[in-house]
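Notebook open, structure loaded. I want to look up a couple of residues and then the overall fold.

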Amino acid sequence: MADRRLVCLAALALAFTGCGGGGARPPQKGTHASGAGGTGDTGDTGGTGDPEGGTRATAAATQPPAQGRVLTGADDGFAGRLTVGQTARLRLPLPEGGPEPTAEGDAVLLIRVSNVTGTGHREWELRAVHPGTTRIRIPRTPTAAPATLTLTVT
């Protein structure tokens, strides 16, 4: 009986260690619902919707996706994109009751996640709620400038 349990546990452990494949999981791609055949033309712009000849969407499309990422203070300067409804995480080694990150803009909500395990880290969900740009400022030591993350929601 004990041998059967040991074999079952070994098989289970082997199955779980082989599931990850050893690589990082790529972020999920968002979907884009196109409009009813329009070009986005708002006048004499060549169909781009932008008088400069480019598109605002092009700039957001060149940013890496932030969906599913865990961002930290080490990601200072990160500029990423989310689509409405997608989320990312912000995890910081800040003590409870210490300084909080702040959001400038209302395209992304900064939602505090309760830490019930006592890991010494605090975590926030970054939830895209409508198109726009939000800058998140992350406090550091009193002598260092805050880190900044920029999220563009499409």
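Predicted model: local features only at pLDDT ≥ 70, side-chain atom pairs only at ≥ 80, totals over all residues.

Glu125 has a relative accessible area of 13%, so I log Glu125 as buried, the cut-off being under 20%.

Next I checked where Glu125 sits: strand E6, which covers residues 122-128. Which side chain does the side chain of Glu125 join in a polar contact? I found Arg127, at 2.5 Å.

Then I listed what touches Glu125, skipping neighbours within four places in sequence. I got Thr87, Ala88 and Arg89, then Leu109, Leu110, Ile111 and Val113.

Second residue: Asp106. I place Asp106 in the loop that runs between strand E4 (102-104) and strand E5 (108-113). Buried or exposed, I wondered about Asp106? The relative accessible area of Asp106 comes out at 53%, so I put Asp106 down as exposed, the cut-off being over 50%.

I also looked for contacts of Asp106, again leaving out neighbours within four places in sequence, and noted Val129, His130 and Thr134.

Last, the whole protein. I count two helices and eight strands, and along the sequence they read α-α-β-β-β-β-β-β-β-β. Of the 154 residues, 24% are buried. For contacts between residues at least 6 apart in sequence, I have 51% joining residues at least 24 apart.

Key. Residues numbered from 1 in each chain as written. Heavy atoms only, no water. Helix = DSSP H or I, 4+ residues; strand = E, 2+ residues; numbered from the N terminus. Buried < 20%, exposed > 50% of the residue type's maximum accessible area, 1.4 Å probe, protein only. Polar contact = N/O pair within 3.5 Å; in protein donor to acceptor, adjacent residues only side chain to side chain. Contact = heavy atoms within 4.5 Å.
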